[in-house]
Structure formats: C-alpha cells, structure tokens
Amino acid sequence: MSYIPMTEYENSSEEVKREYDDQIAKHGRITNMKRTLLHNVPSFKAYMEWYTLYDELVPVLGERALSIFSYAISTGNDCLVCGSFFTKILEDNGEDISCMELDEKEQLLLDLGTAIAADPHNIPDSIYDGLKSMFTDEQIVTIIAFAGIMYATNLFNTITKVDLDEVLYEYRIDKKKDEE
C-alpha cells in the first residue's frame with residue numbers, strides 16, 4: 001500500500017488539474033506515480049523532464065534500445081512500478097524478456113543500465129570505452145542524465161511505495177499476482 005496517497009482530481013487545485021488534463025491529453029491516462037508526485041507541482045515537473053531527455057534520445061538510440069536501457073535500470077533497482085512498466089512496453093512490442101536478441105548498442109545500454117543499478121561507483125572500463133566509441137560527449141551526457149532521472153524515478157516509486165497501476169498487473173516483475 002502506498003505510503004503517500006494519490007491526489008484526487010476533484011480535490012485538487014487548478015494548477016494540479018491542468019497537469020492532470022495535460023497528462024491525459026498526452027498519454028491517455030495519468031499514472032499512480034504522477035498522481036502521487038502532484039502533491040508538489042515543482043517535484044512533478046522535475047520528474048517530467050524524463051520525457052524531455054527521452055525525446056532527445058529516441059533519434060540517437062531508438063525506442064527499443066531506450067526501453068531496454070530503462071528496463072535494465074528499473075529491474076536492477078527492483079522497482080516494481082518501473083520494472084513492470086518497461087516489461088509491458090517490451091512485451092507489448094513482441095519481446096521475450098528472457099531471451100532478447102540485442103545488437104551491439106542495445107547490449108551496451110543493457111550492460112550500462114545493469115551496472116548503474118548494481119554499483120554506479122564501479123562501471124567497467126569496457127562500458128565507458130563502448131560509450132566513447134558509439135556516441136559523442138553530448139550524447140553520453142544525455143544518456144547518463146536520462147539514467148539519473150530513471151534511477152530517481154525508481155527511487156521515488158520504491159520509497160513512497162507507489163501502488164502498481166492496474167494496467168501493469170499482468171506484467172508485474174515480482175510475479176505476485178495477488179489482488180491489488
């Protein structure tokens with residue numbers, strides 16, 4: 001059960017209602033994490049910069065590689081919400097999580113995401129070398145900044161115990177299928 005209750009549209013300020021409406025217009029729904037973050041609009045906006053970096057990285061990495069990277073970070077952090085979210089994205093796009101065939105860039109991003117979650121103080125030199133061989137310094141900064149926001153998102157969801165969104169139940173990474 002969530003440590004912080006989600007905001008409710010009906011009881012929210014006009015500013016929060018605008019953010020709700022914007023999320024629904026952009027994404028068709030508003031997630032439990034976003035409803036929780038909307039207790040503080042500046043905090044919400046800080047986390048929504050994830051989308052800014054995502055949009056910058058899609059042309060560089062591709063959506064599949066970016067989802068694999070996010071999946072590696074999120075599952076490495078045991079984040080139920082984000083791990084399940086990226087499992088859904090990958091599986092809905094026909095991926096078998098247990099045996100994905102990855103190209104060199106995707107493997108590098110999977111390794112980087114896994115290493116970031118495991119021990120960000122000890123990223124192997126081979127990963128740094130791979131990044132330098134494939135990307136510009138600007139792209140590497142964007143990749144690492146994106147990873148930071150992804151990591152922060154995992155942390156927020158885990159610490160506040162955000163309830164798993166209903167649309168993610170069947171993709172639940174901890175495989176508990178008990179009723180929410």
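Predicted model: local features only at pLDDT ≥ 70, side-chain atom pairs only at ≥ 80, totals over all residues.
**Stop 1: the core**

Start by selecting Leu61, Phe69, Leu112, Ile143 and Phe146, the residues with the most contacts inside the largest nonpolar core, which has 49 residues. Two or more residues of this core come from each of helix 1 (14-27), helix 2, helix 3, helix 4, helix 5, helix 6 (104-118), helix 7 (125-134) and helix 8. Which helix gives the largest share? Helix 3 does, with nine residues. In soluble globular proteins, nonpolar side chains tend to be buried together.

Now keep Leu61 and show its surroundings. Leaving out residues up to four places away in sequence, Leu61 touches Leu66, Lys105, Leu109, Phe135 and Ile143. Ile143 is also among the residues with the most contacts in the core.

**Stop 2: the largest pocket**

Colour the helices that supply two or more lining residues: helix 2 (32-37), helix 3 (41-61), helix 4 (63-76), helix 5 (80-92) and helix 8 (137-159). Helix 5 gives the most, with six residues. What classes of residue make up the lining? There are 15 nonpolar, six polar and six charged residues.

**Stop 3: Ser70**

Move to helix 4 and select Ser70. Is Ser70 buried or exposed? Ser70 has a relative accessibility of 0%, so it counts as buried.

**Stop 4: the cysteines**

A disulfide is a covalent bond between the sulfur atoms of two cysteines. How many disulfides does the model have? The count is zero. Cys79 counts as buried, at 1% relative accessibility. Then select Cys99, which counts as partly exposed because its relative accessibility is 48%.

**Stop 5: two aspartates in loops**

Go to the loop between helix 4 and helix 5, where Asp78 is found. Asp78 has a relative accessibility of 62%, so it counts as exposed. Check its backbone as well: the phi of Asp78 is positive, about 55 degrees, although the residue is not a glycine.

Asp96 is in the loop between helix 5 and helix 6. At 42% relative accessibility, Asp96 counts as partly exposed. Draw a line from the C-alpha of Asp78 to the C-alpha of Asp96. How far apart are they in sequence and in space? The two are 18 residues apart in sequence and 19 Å apart in space.

**Stop 6: after helix 8**

Finish in the segment after helix 8 by selecting Lys161. Lys161 has a positive phi of about 55 degrees and is not a glycine. With a relative accessible area of 51%, Lys161 is exposed, since the cut-off for exposed is over 50%.

Methods. Residues numbered from 1 in each chain as written. Heavy atoms only, no water. Helix = DSSP H or I, 4+ residues; strand = E, 2+ residues; numbered from the N terminus. Nonpolar A, V, L, I, M, F, W, Y, C, P; charged D, E, K, R; others polar. Buried < 20%, exposed > 50% of the residue type's maximum accessible area, 1.4 Å probe, protein only. Disulfide = S-S within 2.5 Å. Core = buried A, V, L, I, M, F, W, Y, C linked by side-chain atoms within 4.5 Å. Contact = heavy atoms within 4.5 Å.
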